[in-house]
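Subject: Structure handover

Hello,

Please open it before reading on.

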Amino acid sequence: MTALTPTSETAVVDGPGWTAVCPLDALAPERGAAALVTGSDGEERQVALFRLLDGTVCAVQQLDPYSGANVMSRGIVGTRGGTPTVASPVYKQVFELHTGRCLDAASKEPRVGLAADLASYPVVVTGGVVHVGIG
Amino acid sequence: MVAQRFVEALRARDAAGDWRVTVFAEEPRKPYDRVGLTRYFEVRDAEELTLGDPALWDDPLVDLHRDCKVEAIDREARTVTDRLGRVHAYDELVLATGSSAAMPPIDGHDLPGVFVYRTIDDVAALRGWVEAKREAGHVETRGGVVERPVRGAVVGGGLLGLEAAGALKALGAQATVIQFGTHLMDVQIDLGGGHALKRLINDKGISVRTDTATKSIRPHRRTGHVGRMDFADGGRLDVDVVVMATGVRPRDELARAAGLEVGERGGAVVDLTCRTADEHVWAIGEVACIEGRCLGLVAPGNTMAEVVADRLLGGGATFPGADTATKLKLSGVDVASFGDAHGRTEKSVEIVWADPLRGIYSKLVMADDARTLLGGVFVGDATPYASLRPMLGAELPGDPSAFLLPEGTGGAPALELPDDANVCSCNNVSAGTIRGAVTEHDCTDVAGVKACTRAGTTCGACLPLVTKLTKAELTKAGVEVSTALCEHFELSRAQLFDAVRVADLHTFSEIIARFGRVPEGATDAGRGCDICKPTVASVLASLGNGHILAGEQATLQDTNDHMLANMQKDGTYSVVPRMPGGEVTPEGLIVVGQVAKDFGLYTKITGGQRIDMFGARVEQLPEIWRRLVDAGFESGHAYGKSLRTVKSCVGSTWCRYGVQDSVGMAVELELRYRGLRSPHKLKLGVSGCARECAEARGKDVGVIATDKGWNVYVGGNGGQTPKHAQLLAENLSSEELLRTIDRFLMLYIRTADRLQRTAPWVEEYEGGLEAIREVVIEDSLGIGADLDAAMAQHVEGYEDEWKAVLEDPAKLARFGSFVNAPTTPDPALAYVPERGQKRPATADEVASGTADPELVSALTSPVLVAGPTLEVRA
């Protein structure tokens, strides 16, 4: 995602597994948006996109593992010790936006069969368009 | 009361369940709090006075026989016989029969209209009598309506007499206290205190006659009811009601009949273990004659209950001597005394401070060393009582007079209470026990300490001290009593509210830059979190910063506010249009029904008298609201920490009993406060008469109509810890009512903690409800005009949030389901039919069924999982 160097962006996002999702302007800073993205395996996934104040965009799974609802894009964006986070809008678990790691489970267990952390996906913004890479 | 304490103590300590307890109660009620009897006028609900945890009476080892007086004791056979003739065997018998009101042998004491003040039934009968007399005094003449006031007198100027006089005043009657002795409360306080107290009582509109013996009570010649009192000095007083409060007599008739020894002035004689001469019979409370006298206070009674419980379990407890400290609970009159209040100890010295202008008299009685505290009297300001009473018998540090001077003048040295100092005399809790609750039982707040030790749970007089001790101990234990909101703000919500208001800030970025906490090594405070962002959102909204989804504010809104709807478990929303006062036209109902039908929504009536429609997807919300707004509906703010509803009964417009138009008032209130953002949700209720069909006393603000106007109650709520609202003001005009509620709500909004509802806020507000009343009604802080202006600004600035969204394409754009497919429903949503409507499918149903949206037609299949839309048969 953001670790990718700008020079290689164009080449990368044209490759397989990358989807152009929306213009950067369609995302409001510090508020999420959901997107439907088809991976290279042909499966459609729900992804939550977050645009931070510095223009960085992060992507994690839209499915909230603690409630089983597709709602992560509607959580509150903030920081913990300076690291960008999103809080689940249902039971308020806090996840690291860059990695999807669960920082605070709010004394709850994830639903059966779901991992505690969110899957995170690489994002590249090029030419004002947001691309998500799902391999 | 004492019996309840005994059972509680026994069950708490008898872990092995060795004892089975049977309680025989003469009254048809569960044991209740007689100390708080006067509160019955306020709460008007006998259940509220019930003592302790009601679960005690469900204990399988406890049997409570109500309305079941015991008629005889057979000590030989060790049985008792109840009023139904049933015989019950006992191993040990505890007498806790209390006492009855003494009736002096005055002619006419049995006339209709002469009452005693002892039980709930007494108080209820008194109220009924006064109300009937008031009705009878209401005469319509050609010249207009003439109201003759109800004239009341109380015989006896002790604690009980003054409470009874306060009760008469509260009922709208005139009150004169007739005192045989030289001054009021002569048992507890000295002459100087009595004079100061008389002035305070007069200020309450209550007359006082001291040195007056009542010769006879005469009937009214027409009604035969009580009509006149004649005094020994030749004076007389016309009266409609008389309350006798001349003392109590122990109910020792059972003990007498059983041949047990009784004291000179009655009461079953017991030793310091509370045991009578019969080793299987004990007596506790007012019926016990201990150390040669009966004690008419609850604190020593509770101590006796603990002693007997301990003895029955094999302990060696003895009665440590009576704590006769008292504090009068009469609204606005502060009186307290403890120890040797009259200075009867030999060579004792008295230090007196009197300020007749402020109505204050205080006195300390010291031993001849001028350091050891023997007793004290406080009239007009009993603040020092709570901290000095536990120092009884101990040496005071520094100059004792410093403790009597008004705060800020002398600066009394801080008192470090010894561990064995008794802090809560009702429940016999020492300072050490309270400290232990923090250090050993890990209590981290006053509520925890109260629950753990029971300190401050009976009369509450010691609460300031319990709070002080708890906080001091927490600080000592290194437990930071932090009011910080979260890692981003050191401030509490109330502090943040003031900071934002005074600094005149309008965005989160400005606020966190100015007031945020910058961690060591970082350059800024970060970007907030799910705690501080919604808090700032609420503060900004309460201060009037435009639409909650405008600009940066949109990023602060919590789950529900974010979509102006209530998120449900599957990520869809429920929609609630406002129906002010629960009033809705047939046309309106049809529109709501049609919308629900067209969008396939599950419908349910809410607890707040309106209609909730569930299962609306994000992308459907604007379409649903366009239909509702077009039909004249507006946002019901069911999603906000804000005014929810004003519930009402139908009131005087239709009801045969209503005395005011409760629906009209509810509509007015709901339209006034709609959209008002607050620390937590707000619910109001308006009842059109005292029958209270709107259940207004379960609300944050409850309004109940009277024939003279409106009574307003505050701080009630349902939920996990239900609480009845308390009376704030009586008989207000509609205009006064609005101003009172305006100020109450604004004060709450400005000073409450995050997610603190009004009930705990009232409880924790410094000085409690009384202090809130002073701010709201008497404007003691001089902020009344400011609060009024803030509410006026809210009323002026209100706009319907949903209408504003529909008119703004930028805000509307947020309501798409997917940024790259804004109208595509969430494919994972699945429903099954139930009772003719839909509900979200469970995980198992999804796994075993099919999520094919084609299968949406019928209700026939037992488990039919359908996609985001499910049509159900009309």
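Predicted model: local features only at pLDDT ≥ 70, side-chain atom pairs only at ≥ 80, totals over all residues.

Start with the interface. Chain A brings 32 residues to the contact and chain B brings 33. Together they bury about 2400 Å². Carbon and sulfur atoms give 54% of that area. On the chain A side, the residues that lose the most area to chain B are A:Arg31, A:Arg74 and A:Ile76. These three make up 26% of what that side buries.

Next, the polar part. Between chain A and chain B, 18 residue pairs are in polar contact, counting pairs with both residues at pLDDT 80 or more. Which elements of chain A give two or more residues to the side that touches chain B? They are strand 1 (18–23), strand 2 (32–38), strand 3 (44–51) and strand 5 (76–80). Strand 5 of chain A has the largest share, with 5 residues. By residue type, the side of chain A that touches chain B splits into 19 nonpolar, 6 polar and 7 charged.

Salt bridges also cross the interface of chain A and chain B: the rule finds 3. One of the salt bridges found pairs A:Lys92 with B:Asp558. Their closest N and O atoms are 2.4 Å apart.

Last, the annotation. An unreviewed UniProt entry places "domain: Rieske-like [2Fe-2S]" at residues 18–132 of chain A. In the model, that span of chain A is 45% strand and 0% helix. Its end C-alpha atoms lie 6 Å apart.

Best regards

Technical notes:
Residues numbered from 1 in each chain as written. Chains lettered and ligands numbered in written order. Heavy atoms only, no water. Contact = heavy atoms within 4.5 Å. Buried area = accessible area lost by both parts, 1.4 Å probe. Salt bridge = Lys/Arg side-chain N within 4 Å of Asp/Glu carboxyl O. Polar contact = N/O pair within 3.5 Å; in protein donor to acceptor, adjacent residues only side chain to side chain. Helix = DSSP H or I, 4+ residues; strand = E, 2+ residues; numbered from the N terminus. Nonpolar A, V, L, I, M, F, W, Y, C, P; charged D, E, K, R; others polar. UniProt positions renumbered as here; feature names shortened; annotations may be inferred.
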